[in-house]
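Please look through the sequence and the 3D structure below, and keep both in view while reading the report that follows.

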Amino acid sequence: MKRLPISAVLAVFFGWLLWSVSVRQAALFLVGIGLGAVLAGQRFGFTTGWRMLVEEKDASGIFGQLLLLALAAAMAMPLLGHFPELTAALGPPSISLLVGAFVFGLCMQIADGCGSGTLYKAGMGIPMNTAILPMFSIGSFLGSLHLGWWLDLGHTTPVGLVTEWGWAPALGATLAALAVVAVGVAWYARRANAALGRAPRPLLVRKWLVGAVLLAVFATLNLVIAGQPWGVVYGFGLWAAKVANATGAVDLAGNWFWSQPGNAARLHETVLLDVTSITNIGILGGALWIAAGKPAAAKALTGTQWAVALAAGLVLGYSSRLAFGCNVGAMFSGISTGSVHGWIWVPMAFMGTIFGLRIRRHFGF
């Protein structure tokens, strides 16, 4: 399949959304296509950037992500300050967040992808990520079933810096914190490379710069059109929940998460009305367009590696729900819209990544 027929299918689906669903959902589908095309075309991988820093002492991926966060915050926070109908990606600091973020960081290295990474790599036809995607969805759904219990272990009220301080101080504090992280990462990379007897690699490369700018723009469009920040994992859990609800496999009426009005409503309406689902579908389409139907390069896996990868995908989904998002929903959207939980998520997930890389090496991925 070449790009022309893929473009035609995407255009027809866009037209159908515009005619039969809503202008907003059609616009969000285009935003999703843009996100998928950038993620796949620039290979802007959150998981890969973290792995590059730990294993190769190459900070370019991390600096690309820091630039993305700074640009997105500079666009999102003034909008949140001036338009109260827009919402931030808030999550409660909690035991659930601490455990979920750590486990997510561990599993994303084994599964070679976070939420967005799994999605765009599945769109590109990479076998492992394609197989992991349904496992991720099931795991996210299972996590939603247990989230109420996890929150009972201890949680506090979500804290939004824009609401607490105003958008300008919130933005200033966020940019200052990102600058501190940048200095720390640069220092670590320089010291680590010096210990290995080599010069540090360039901190920024064109691929990460272009990806950061484009992703920040598309994420801001998502915020304006949807009224909420870019997210990924909610859509995964919703897909599995709708299957479970339709088949009667699980009674969701009394579940803490799915009995909440907004979630309950989404269970009984078409998935095409869910803003996260429609951008996820667009990401798949954008990645498929970049791949142009050509099989993506991927190493063959052993039976043990397949089993470990699929198990990691299931736990990845579960932990993402406990952590109120993945690298997109918790880290990127959380930090860029001023949620304190995003800053808690990052160090916990990074600690998990260190352990995940050891497991990844043990099984020969």
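The mean positions of the 21 positive and 10 negative charges of the protein lie 15 Å apart, where Lys and Arg count as positive, Asp and Glu count as negative, and His and the chain ends are not counted. The place of each charge is taken as NZ of Lys, CZ of Arg, CG of Asp or CD of Glu. This is a predicted model, in which local features need pLDDT of at least 70 and side-chain atom pairs count only at pLDDT 80 or more, while totals for chains, interfaces and linings use all residues. Residues are numbered from 1 along each chain as its sequence is written, and side-chain values use heavy atoms, with hydrogens and water left out.

**Salt bridges**

Side chains of opposite charge can pair when their charged atoms come close. A search of the whole structure finds four salt bridges, a salt bridge being a side-chain nitrogen of Lys or Arg within 4 Å of a carboxyl oxygen of Asp or Glu.

| Pair | N to O distance |
|---|---|
| Arg-361 and Glu-55 | 2.8 Å |
| Asp-112 and Lys-121 | 3.4 Å |
| Arg-266 and Asp-274 | 3.6 Å |

The pair of Arg-361 and Glu-55 links distant parts of the chain, since Arg-361 belongs to helix H16 (residues 340–362) and Glu-55 to helix H3 (residues 46–56), 306 residues apart. Helices (H or I, at least four residues) and strands (E, at least two) are DSSP runs, numbered from the N terminus. How exposed are these side chains? For this, buried means under 20% relative accessible area, exposed means over 50%, and partly exposed lies in between (1.4 Å probe, protein chains only). Arg-361 is partly exposed, because its relative accessible area is 48%, and Glu-55 is likewise partly exposed, with a value of 36%. In the remaining pair of the table, Arg-266 is partly exposed at 26% relative accessible area, whereas Asp-274 is buried at 3%.

**The whole protein**

The protein has 16 helices and zero strands. Its radius of gyration is 20 Å, close to the 21 Å that the globule rule gives for 365 residues, so the protein is as compact as a globular protein of that length; the radius is taken over C-alpha atoms, and the rule is 2.2 Å times the number of residues to the power 0.38. Along the principal axes, the C-alpha atoms fill a box of roughly 60 × 50 × 40 Å. Buried residues make up 52% of the 365 residues. Among contacts (heavy atoms within 4.5 Å) between residues at least 6 apart in sequence, 82% join residues at least 24 apart.

**Two residues in their surroundings**

Asn-222 lies in helix H10 (residues 206–226) and counts as buried because its relative accessibility is 3%. Leaving aside neighbours within four places in sequence, Asn-222 is in contact with several residues, among them Leu-28, Val-31, Trp-230 and Thr-279.

Where is His-268 found? His-268 sits in the loop between helix H12 (261–267) and helix H13 (275–291), and it counts as exposed because its relative accessibility is 65%. Beyond neighbours within four places in sequence, His-268 is in contact with Lys-242 and Asn-245. His-268 and Phe-363 are 95 residues apart in sequence and 42 Å apart in space, taken from C-alpha to C-alpha.
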